[in-house]
Amino acid sequence: MQIEIDSGSGFCFGVTTAISKAEEELAHGGTLYCLGDIVHNGMECERLRQLGLVTIGHDELRQLHGVKVLLRAHGEPPETYALARENDIEIIDATCPVVLQLQKRIKTQYGENPQAQIVIFGKNGHAEVLGLVGQTCGQAIVVECFADLERLASPGGRADGRRLDFSRDIYLYSQTTKSLDEFHRIITYIQQHIAPGATFRSFDTICRQVANRMPNISQFATRHDLILFVCGRKSSNGKVLFGECLRVNPNSHLIEGPDEIDPQWLQGVTTIGICGATSTPKWLMEQCRDAISRGGY
């Protein structure tokens with residue numbers, strides 16, 4: 001039985017940097033807090049917890065004073081930085097440079113034309129998206145998918161009362177980890193409906209390191225009899241990439257670790273591909289490989 005770990009899977013640059021900063025700070029001793037899970041992978045979060053990293057939420061942040069808090073790669077809205085200043089909190093900023101640049105672009109655009117509609121293609125409530133919407137004082141419109149855009153464009157608008165006015169200027173951005181294909185569908189739709197006198201501009205802000213994983217993982221999944229996609233179930237990026245694996249190879253299974261491998265999956269299999277999301281550590285994929293190699297199944 002041949003087992004291959006996808007060389008393109010594993011932490012993206014932003015996640016790698018955030019974890020390195022956390023490890024560096026923890027090595028100095030003392031308490032380090034992290035605002036939200038540093039990565040959407042329970043086993044990696046537990047590893048860092050054992051090193052001393054304490055994960056907190058925004059409510060807990062308000063109660064802290066004079067401590068160190070790490071901001072993960074997803075980024076945060078301006079309100080978080082303001083609160084940190086008020087509470088004498090030292091920020092260890094691990095915001096991904098790609099996300100940070102996107103925040104600055106949206107903030108500048110909003111400042112130059114507050115009356116325009118800033119649209120963000122992204123997941124409502126996602127940490128990165130909350131940080132982006134925060135650059136517009138909460139005024140940006142979030143579009144989760146193409147169907148959501150159509151609801152926004154309808155006379156009744158969306159269930160939350162928001163709608164898109166095609167007679168006004170529209171500036172479109174994207175969460176860094178979204179699908180390029182769907183982003184282009186949204187661009188085309190807005191181009192077809194924007195009023196002649198209104199301005200529409202789109203900005204491709206999707207991270208290529210992440211976007212390129214879709215075609216790469218598709219090719220990887222076709223090469224093997226069985227695909228084990230290792231990923232925390234809270235990872236948005238993982239859901240998208242696993243969906244692509246499943247599309248090209250129906251014999252694909254999402255697992256969080258080696259304990260979830262079903263021995264029946266291995267029957268009659270000659271090649272196994274192990275891959276994962278941008279939040280999946282290499283060591284976890286290696287554990288899955290080693291568990292199979294030891295013949296524990």
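An open sheet of four strands, arranged in the order β7-β6-β8-β9 with parallel pairing, is found in this predicted model, in which local features need pLDDT of at least 70 and side-chain atom pairs count only at pLDDT 80 or more, whereas totals for chains, interfaces and linings use all residues. Residues are numbered from 1 along each chain as its sequence is written, and side-chain values use heavy atoms, with hydrogens and water left out. Strands (E, at least two residues) and helices (H or I, at least four) are DSSP runs numbered from the N terminus, and two strands pair if DSSP finds at least two bridges between them. The edge strands, each of which pairs on one side only, are β7 (141–143) and β9 (200–202), and the twist from one strand to the next averages 20°. Strands β6 (residues 117–121) and β8 (residues 170–174) are paired in the parallel sense over five bridges, with Val119 standing opposite Leu172 in β8.

Helix α5 (residues 97–112) packs on the sheet and touches β6 and β8, contact being defined as heavy atoms within 4.5 Å; the direction of α5 makes about 170° with that of β8. Axes are lines fitted to C-alpha atoms, for helices over the stretch in contact, and angles run from 0 to 180 degrees between N-to-C directions. Helix α8 lies across β6, β7, β8 and β9 and runs at about 175° to β8.

The axes of helix α7 (residues 146–153) and helix α8 (residues 180–193) come within 10 Å and cross at roughly 20°, which makes α7 roughly parallel to α8 (angles under 35 degrees count as roughly parallel, over 145 as roughly antiparallel, 65 to 115 as roughly perpendicular and the rest as oblique). The crossing of α7 and α8 is right-handed, that is, the near helix is turned clockwise from the far one by less than a right angle. Phe146, Leu149, Glu150 and Ala153 of α7 meet Glu182, Arg185, Ile186, Tyr189 and Ile190 of α8 in this contact, whose residues divide into six nonpolar, no polar and three charged. Here Ala, Val, Leu, Ile, Met, Phe, Trp, Tyr, Cys and Pro count as nonpolar, Asp, Glu, Lys and Arg as charged, and the others, Gly among them, as polar.

Helix α10 (residues 213–222) and helix α11 (residues 236–248) pack at an angle of about 40°, with their axes 9 Å apart, and α10 passes α11 in a right-handed crossing. The contact involves Arg213, Met214, Ile217, Ser218, Ala221 and Thr222 of α10 together with Val240, Leu241, Glu244, Cys245, Arg247 and Val248 of α11; by class, it has seven nonpolar, two polar and three charged residues.
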